[in-house]
2 protein chains.
Amino acid sequence: MHELKTAVFGLLVAAMAVAEAADEGAIKNLTGFVDANRQLALETSLVESLSATELDAWSKRLSAHAHHAGSPYGRENVRFIAELFRSWGYDVVIEAFDILLPVPKERELVLEGPRGYRATLIEDVLEEDASSAERDEVLPPYNAFSKDGNVRGELVFVNYGIPEDYEMLERYGIDVTGKIVIAKYGKSWRGIKPKLAAEHGAIGAIIYSDPADDGYIQGDVYPDGPFKNDSGVQRGSVMDMPLYPGDVLTPGEPAIKGTRRLKVTAAPTISKIPVLPISYRDALPLLKALGGEVVPAGWSGALPITYHIGPGPARVKLRLVFDWQRITIENVIARLEGAIYPDEWVIRGNHHDGWNHGASDPVSGLVALLGEAKGVGMLAAEGARPARTVIYAAWDAEEPGLIGSTEWVEKYRRELDDKAVTYLNTDGNGRGFVFIGGSHTLEGFFNEVMASVTDPQTMVSLAERRRAMLSVTGDEKQRKELENREDLRIAPLGSGSDYTPFLQHLGIASANFGFGGESSHGSYHTLYDTYQHYTRFRDPGFAYAVTLAELTGRTTLRMANARVLPFRFGGLADSLELYLTELEALAQTQRDEAKRNNRLLEENSYGLALDATKSLGAPKALPKVPFFNFAPLKNALAEIEESATALDKALDGGNLDDVDLTVLNRHLYQSERKLTSSEGLPGRDWYRHQVYAPGFYTGYGVKTLPRVREAIEAKLYDEVDHQIAVTAGVLEGFAEHLEATRALIP
Amino acid sequence: MHELKTAVFGLLVAAMAVAEAADEGAIKNLTGFVDANRQLALETSLVESLSATELDAWSKRLSAHAHHAGSPYGRENVRFIAELFRSWGYDVVIEAFDILLPVPKERELVLEGPRGYRATLIEDVLEEDASSAERDEVLPPYNAFSKDGNVRGELVFVNYGIPEDYEMLERYGIDVTGKIVIAKYGKSWRGIKPKLAAEHGAIGAIIYSDPADDGYIQGDVYPDGPFKNDSGVQRGSVMDMPLYPGDVLTPGEPAIKGTRRLKVTAAPTISKIPVLPISYRDALPLLKALGGEVVPAGWSGALPITYHIGPGPARVKLRLVFDWQRITIENVIARLEGAIYPDEWVIRGNHHDGWNHGASDPVSGLVALLGEAKGVGMLAAEGARPARTVIYAAWDAEEPGLIGSTEWVEKYRRELDDKAVTYLNTDGNGRGFVFIGGSHTLEGFFNEVMASVTDPQTMVSLAERRRAMLSVTGDEKQRKELENREDLRIAPLGSGSDYTPFLQHLGIASANFGFGGESSHGSYHTLYDTYQHYTRFRDPGFAYAVTLAELTGRTTLRMANARVLPFRFGGLADSLELYLTELEALAQTQRDEAKRNNRLLEENSYGLALDATKSLGAPKALPKVPFFNFAPLKNALAEIEESATALDKALDGGNLDDVDLTVLNRHLYQSERKLTSSEGLPGRDWYRHQVYAPGFYTGYGVKTLPRVREAIEAKLYDEVDHQIAVTAGVLEGFAEHLEATRALIP
């Protein structure tokens, strides 16, 4: 597909023509550039240098064997990647860290009664995919940072194992204390499931992928189709990343010689109970053996049984023994010194470690990064070295807990705080629609880039295709926004990939780029994330890998070359308004629900409405929800809006000829730092950003204005006014920074 | 449970005390009575005469063997029922009709490729339930009034086989012409499925119960629990009842000697293609053999497979041969001549034919009717003969198409039109919450009765328990209504039981009573609707059968004895307002959808948003929806509201001493006739009611103000203004009738 596109556009077509073809009339100017034509010509060269055939070859090479953190093939990949960067003219270092990484030695799950069943814990070898036959150096299904354990107990089915599920269990009079829970994957990041189970007293946890969510109900299963077959298991970390990511023994500090390390037993991010992921084939006999009440509406999956909650009569034994080894991980860091502003860094990263072969996760994003880096290196060799320093990073040990990126950020925190302009992340990629999550201060910029890139299937711009998708499948709110808002909203980031330490720990404006929606995630973290699966089902022909390279390549080059950095603040102000509205609505919803719930209890409506022959009881009384003082947030937002409007106007229309651009640009990229607070978030000071955080009880899912939102959600009503005030204080500081930036422009 | 209740209340407690205990303070007065105490005392006697033990014995007797229309045991039941009525002092006749009733001779369903499978079409014998072993005289699974057929073709999965499913198939480019469709039970009455399939060109239809809707996903399956096991099949009629019910050969006329009959081949209500219901066990190999695209979201059931649409490669043969026999059906009609107003008839009915043993459907409702009738007979014998004539009817051949009741109504149409005050129906019953559907002119009355009866589980009134249930599980609209509306709304009636000819053909104010919501419908129309299943799962101890007898007994006695009939019109006016609001909203929704759909087509949003590698295409352009002239309906409703308010006030507060009550009562019960039109509904003149009708493309589901609603739904926009005018004309006539009634009161 990409070959077709470049053929159509031709090698000699001028940059403006490309821009017009991509989105007619949308790119008369490029924000931050005086000479848009030169920049667009550079981008065209970069785009033309991209080759699907080359990405394909790299993908095949990098995903030929399992290459998890610490594996032999992972180390080979590191050298291969480093050599590529070197060959393209980069200064390359391999940055090593010495981290704790448990790997499974023994895994045992047995249904001991009323019938017996020993879980196989093995993924099938498929003759259609030779990679699935590789067993040496391949990690079996397990959850990284599960505790060791040898537990026996009655089984309880806890649905997705999220807070509302435990509220429901309480209504059934079911206590999981001393029990082993079995939870479905989904609705929360996996690490939340053992965390909540342990908080409720469970002694072990099993997680499985139900075919209703991730299996034959989605479509044909591998190898007939892309979806999860009955032996497939989603591996993954259960490290308590919402507390802090990275090496569990060195919170906030780099895992290098000289850093004091916690004892393993004192590491707070290791799960409190043993936990094991299994296939739906292994889950079936366990679930079938459960008795007790039939599950409530919405809890059933798609296994051909009646789902029961338990507890028991199913009794299981779960035994896990890990090798708590210290290993060396290796990030590849490739640097191209900036021609004009060497102390302003544009950082672009993707991890290189996979769970197994990792053809999709992370190789599909990694090959796009490599293609981009090759093109940027080529431009530099041809004399068009970027104005700012560009750093390409291939991170190690992302899968067990964002470890490579986190340790690197912790090691270079001072320099990064000073110099990092932006961090641009990719990870697994697939066919479909563009997705950009990130800092709202770059919303307009990302919209400009999305309008510059052509979708390889439809030959309209990425922005236009995304708009079409949202107008067809979006909810009413999204559709209204499409009509009333010029820019597509950039999703706020929670966690789940290597942007986290940059954005949430240091306050570096960040983004995460990818495509999806037309490619199944059924291979995610299984043995079947192979080159064969990827090229058959995720992105045949590497069309979207090339498009991703174009998208991030244009982004990197523009950030690196812009005379004035393309930060704007109106979009942030608008999104903050939205989040404030959501918080007020959330409080009101909880207020209404508490009132209604308590009135129904007083009137004995549950007593009359519920079936007396079943054990489902009434919910608990809810604490009354007071009205909160949102005024400080509103005042702060009003200030941000005012100063943002003035600053954006000055940046877009003002005369910048007499401005010290180094000072102005520094003010612009330092703005995101002003959204952080050195005291961090309540109970987790590693997380410093006051606008975006991963949810403490949702995991990857983002919580915006997290101090306030999580206080309300956790019903800590006494704290809400305080958290509003703290957040408002940070936002006021941000508004002042915008004012100060504005003052730089005459 | 009932024994406990009567023990608590005691035999000597005065009527007022009963009333207060049931719902304190709610029944100081009884609408229509001057001496409420006497009436309540009669009702108390009736209630005290009810015996769960007796109902249990009758149930066991009546459901001991299969007793479908025309069966030997059905004829025995008729004699048994007739004898009971006679023993209680009723004048009993057995009213026979001579109708067409096909029964299956041969049923064959074979998957002929790519793999072979011969459907068993047999329900398992369960050692836990001896009734399931009975095979003589038991009807096998089939759809009554399927055509004969011997067809072969590719199979297509059509989801529920409702109109929107065919729209989706069209988007996939799939035409069912010449194919055999397989549809899930649910979302529409079953007869709609072959009707729509035939309209789209299919040559055969298979219907099955998916376990997602009716099987192991609901709960444990029979005999472990009440739900449908993998061999269970829902039988049922596919006669095109929305056109007309009753004998297919004698539309609008009684099936008696002298009536001209259609040829079988000319009967318009026989299905146009052969159709067969099957179990999910038999459906599994068929669905598994389907290829083509994976089904869209929402189409999958809970069988452990990936659902595909087809067509093919699955090819099936469907062969059905019926014996198109003429049989004699027998209604039992038991009459107790009214002491004061013999020419005002209160009619109370329940069918007696089942599909097999029919312990739930219809015997659970029938034994309640018998208990009630015994009590009313006892009161008469003790000198408290009802003021009006009470007629108890046990209908035959309800299952194949409301045939016994329809033929009887058609035979006695003149007398019924003249004399019928109300028709009160019951059918299958279960444990749970009270449900009353019916004429809105009796809404206040039914609320009064619901407040008089105590729920046997919670010992609060039925009304209070229903309110509690709605306040816990109701949607926002329902909850708001609970707070703002004094009376519980009475659901409008579509079709599905024997009230249809009374209400919709003749305009006799009708109602349908039952309990449910805490008792599975998994046995519905299967071999497992047995005494054993019923007493284990549907209503252990017959507590709700007794409560149903109390509810309908009080209703019958009050209607029979009221000095002034308890019709009121404010509730109707309010519900008509609601329906009008719904119609305007429906038109607006279709207008918005058409606009949005056509805009998305113009902008090529579907072209850009849809996955080009899949066959799902854009929807069709929709016709523009004009604005309609709702003014005539609004004016008519304003008149109804005004006259209803005046009439209700006069009835409740006026001096009726000088009023000729016979004339007034006649005006009151004749009011429902004024909601009908002799020309009927478009294309189906048998249906004369202009407020309630079963949906032409939904079946049992009600369409209120059907002329207008169905014109909008069918996008016959040119007709809407006309249908509004016609409906408004009828409603104006109704308002005039209320005025005339009002004028009777000085």
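**Exercise 1. Determine where Thr441(B) lies and whether Thr441(B) is buried or exposed.**

Solution. Step 1: Thr441(B) is placed in the loop between strand S13 (432-438) and helix H13 (443-452) of chain B, where helices (H or I, at least four residues) and strands (E, at least two) are DSSP runs numbered from the N terminus. The model is predicted: local features need pLDDT of at least 70, side-chain atom pairs count only at pLDDT 80 or more, and totals for chains, interfaces and linings use all residues. Residues are numbered from 1 along each chain as its sequence is written, and chains are lettered from A and ligands numbered from 1 in the order in which they are written.

Step 1: A residue is buried if 20 or more other C-beta atoms lie within 10 Å of its own, exposed if 12 or fewer, and partly exposed in between, with C-beta atoms placed from the backbone. Thr441(B) is buried, because 27 other C-beta atoms lie within 10 Å.

Step 2: Leaving aside residues up to four places away in sequence, Thr441(B) touches Ala509(B), Phe567(B), Arg568(B), Phe569(B), Leu572(B), Ser671(B) and Glu672(B). Contact requires that the C-beta atoms of two residues, placed from the backbone, lie within 7 Å.

**Exercise 2. Describe the relation between chains A and B and the contact between them.**

Solution. The superposition is by least squares on the C-alpha atoms of residues with pLDDT of at least 70 in both copies.

Step 1: The same surface serves both copies, since 100% of the contact residues of chain A recur in chain B.

Step 2: The contact joins 29 residues of chain A to 29 residues of chain B. By class, the side of chain A that touches chain B has 16 nonpolar, eight polar and five charged residues. Here Ala, Val, Leu, Ile, Met, Phe, Trp, Tyr, Cys and Pro count as nonpolar, Asp, Glu, Lys and Arg as charged, and the others, Gly among them, as polar.
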